[in-house]
Amino acid sequence: MIIFKKIYTVLIAVILCNFALTLKNAAAQDFEATCIINTDAITSDARDKLKDFKQQVEDYLNKNKFSDGSPEIRKPYSIKVTFQFNFRGSNGLDGYDAQLFFVSQRIVDDSLKLIQPKYVTAFKYLDDKVSFTYNRSMMMQRNEVRFDSFLSLLDYYAYVALGFDEDSFYPKGGNRYFQKALDICNKPMTDRQGWTEGGGAKPTRAQIVQEMLNTRFDDFRMAYYSYHWEGVDYIYIRPYSPKKGYDVILAAYEKIAKNKSREAKAFNIDLFFDAKAQEVAQLFQNYGDRSVYDKFSKFDPSHQRIYEDFKVKK
């Protein structure tokens, strides 16, 4: 019996040490980044120059520290981000034209988050005005002062991801990261396409973060926080009594819809609805009253088809 107790004690100690090490490593890493590249549209020579691109992007994001170390950001998990580069052209040297599909995912803050983590989409955007200079021998080192057409692009989306993640846990918690992203947009550069120019129907990178810092969208940001922290997290933490979480999500959607109705353009609200329509429709499958999907159709008419499909889904 004594031997078994000793073995049990040792096993517990090993488990606790491994758990502590996991927390330390996770807390030290801001991102769990995945880079996907599609090079079908460029020449074989240009593709060959990109053979280290995926690994270099992932290493840059996973091994660098982007958060500022404030107490609220010290969380024992990483934000999942995906950078999908669809290359469209090359100048034959080091210049590339691409489309970037960026997605950041926020962990569901329930009791199993360190054992069986679940994620929801925090932000996603198809950026179709991406051009940069890259070669695989370049120094992949962060520089907060100098603008680099490639590394500054990665920095920008890293800060956007941090901003939305913080906003989902703390009311307007992402201000400092949205400001850092905006500072990148305002740095001296030779080609401002996609940064501060060429927006039109889609926002420039500057417009995305300018909106988030504009007090006219405070209702959206407060509702964004409520949706995640007081809504989604609540439902997962209390799966047998989720009503309060459902009510919060409905109120958040209504608040966001009202904020959108007051504005001529509301880029981030449109992006929010794009990211959340499928998610919220799935989440309300166990709500009990299928007429709730009529409310979502009213709040977010651009995704009415999704809500109608889930309304009749068994």
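1. Which residue forms a salt bridge with Glu254, and how far apart are the closest N and O atoms? The partner is Lys258, and the closest N and O atoms of the pair lie 3.7 Å apart. This value, like every other in this note, comes from a predicted model. Both Glu254 and Lys258 belong to helix α8 (residues 243–261), where they are four residues apart, or about one turn of the helix. Glu254 counts as partly exposed, because its relative accessibility is 35%. Lys258 is also assigned to the partly exposed class, with a relative accessibility of 48%.

2. A search of the whole structure gives 21 salt bridges. One of them joins Glu144 to Arg142, with the closest N and O atoms 3.0 Å apart. Arg142 has a relative accessibility of 23% and therefore counts as partly exposed, since the buried class requires a value under 20%.

3. The side chains of Glu166 and Arg176 meet at 3.0 Å, taken from N to O. Glu166 lies in helix α4 and Arg176 in helix α5 (residues 175–185), so this pair ties together parts that are 10 residues apart in sequence. The two partners fall into separate accessibility classes: Glu166 is buried at 0% relative accessibility, whereas Arg176 is partly exposed at 24%.

4. Helix α4, which contains Glu166, may be considered next. The helix runs over residues 151–169, a total of 19 residues. From its first C-alpha to its last it reaches 28 Å, which is close to the 27 Å expected at 1.5 Å a residue. Is helix α4 largely enclosed or largely open? Because 19 of its 19 residues are buried, helix α4 is largely enclosed by the rest of the structure.

5. Tyr307 is part of helix α11 (residues 304–311), and its relative accessible area of 0% places it in the buried class. When neighbours within four places in sequence are left aside, Tyr307 is in contact with Tyr253, Ala277, Val280, Ala281, Tyr293, Phe296, Ser297 and Asp300. With Asp300, the side chain of Tyr307 also makes a polar contact of 2.7 Å. Lys295 is 12 residues from Tyr307 in sequence, and the C-alpha atoms of these two residues are 9.1 Å apart in space.

6. The surface also carries a nonpolar patch. Leu112, Leu114 and Ile115 make up this patch, and its area is about 270 Å². Leu112 is found in the loop between β3 (95–107) and β4 (119–133). With a relative accessibility of 35%, Leu112 counts as partly exposed.

7. Some values for the chain as a whole complete the note. The chain has 314 residues, and 46% of them count as buried. Its secondary structure consists of 11 helices and four strands. Among contacts with a separation of 6 or more, 68% are between residues 24 or more positions apart. The accessible surface of the chain is about 15900 Å², and carbon and sulfur atoms account for 54% of this area.

Conventions
Residues numbered from 1 in each chain as written. Predicted model: local features only at pLDDT ≥ 70, side-chain atom pairs only at ≥ 80, totals over all residues. Heavy atoms only, no water. Patch = residues over 30% accessible without salt bridge, like charges linked within 9 Å, V, L, I, M, F, W, Y side chains within 5 Å. Areas by Shrake-Rupley, 256 points an atom, 1.4 Å probe, with all protein chains shown as cover. Salt bridge = Lys/Arg side-chain N within 4 Å of Asp/Glu carboxyl O. Helix = DSSP H or I, 4+ residues; strand = E, 2+ residues; numbered from the N terminus. Buried < 20%, exposed > 50% of the residue type's maximum accessible area, 1.4 Å probe, protein only. Contact = heavy atoms within 4.5 Å. Expected span 1.5 Å × (residues − 1). Polar contact = N/O pair within 3.5 Å; in protein donor to acceptor, adjacent residues only side chain to side chain.
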